[in-house]
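Hello,

Here is the structure for you to look through. My notes come after it.

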Amino acid sequence: MRLRTLTLAAASGAALLAAGMLPAHASAGPAARTAPASAQEGSVSAADLLAKVKSCSQISNGKYKTDDETSATVPVCGKNGAVFWKADMDIDCDGQRTTNCNEDRDPWYQDDTAFHQSDGKPLKAESLPYVVVPSSSSIWNYSGAGIKGGGVVAVIYNNKVEYAVVGDTGPTKIIGEASYATAKALGIDPDPATGGADSGVTYILFKNSKVSPIESHSAAVSLGDQLAKQFIANN
């Protein structure tokens, strides 16, 4: 399975390169094809963003679990212009059926997402980097905190920054989930059944932001870079 996943990631990396989605300075060599996530999205470094989220001013009424079987240890934290949390990454493959996101590949597959493309269709987890927020509950209400569907998220892992959108909602007591495409871009195994990262993922969600159209990743990167610079300046 892992060999097949790497092969698919390589093919996807070549497709992204061909589509002009990688930055101009990204190498077109073998390393770029097998690990498209090595390119930095935007101009703000992971280190600069992480330096601003070292301490947590908790805004959630409680803490979240990262999985059903774990204890609740993850708070939602507030900063000027953003909220953030540090958790794991489970893989969300929900939305439109694609080669790697369907009932056969994902035991928990659902054919819809909480937020939809501009044409009304569900999002495509395999190709669109998006993040899952916990459904509103007594622990925390994302919309009350200025977080919207299509809002920009900076996802940081292993010194890499990937810009995503708020694309789906999840369980009320669990946090730490993102789409197949988000994981793949960050070098995380995107297999919905066996992939993901156990820890080390930081999610910074920018308040009152919205990518239009939600399915445009390039728009998310452009807006995300602007908001990340503001975040650095204001915190």
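Below are notes on the core and the disulfides.

First, the basis. This is a predicted model, in which local features need pLDDT of at least 70, side-chain atom pairs count only at pLDDT 80 or more, and totals for chains, interfaces and linings use all residues. Residues are numbered from 1 along each chain as its sequence is written, and side-chain values use heavy atoms, with hydrogens and water left out.

The core. A nonpolar core is a set of buried Ala, Val, Leu, Ile, Met, Phe, Trp, Tyr and Cys residues joined through side-chain atoms within 4.5 Å. Buried means under 20% relative accessible area, exposed over 50%, and partly exposed in between (1.4 Å probe, protein chains only). The largest such core has 59 residues. Trp85, Met89 and Trp140 are among those with the most contacts inside it. Strand β2 gives the largest share, 7 residues. Helices (H or I, at least four residues) and strands (E, at least two) are DSSP runs, numbered from the N terminus.

The disulfides. There are 2 (cysteine sulfur pairs within 2.5 Å). Their pattern is 1-2, 3-4, with bonded cysteines counted along the chain.

- Cys56 and Cys77 have sulfur atoms 2.0 Å apart. Cys56 lies in the loop between α3 and β1 and Cys77 in strand β1, so the bond ties together parts 21 residues apart in sequence. Cys56 is partly exposed at 40%, whereas Cys77 is buried at 4%.
- Cys93 and Cys101 also pair, with sulfur atoms 2.0 Å apart. This link is left-handed, at -65 degrees about the S-S bond. Cys93 is buried at 1%, and Cys101 is buried at 0%.

Best wishes
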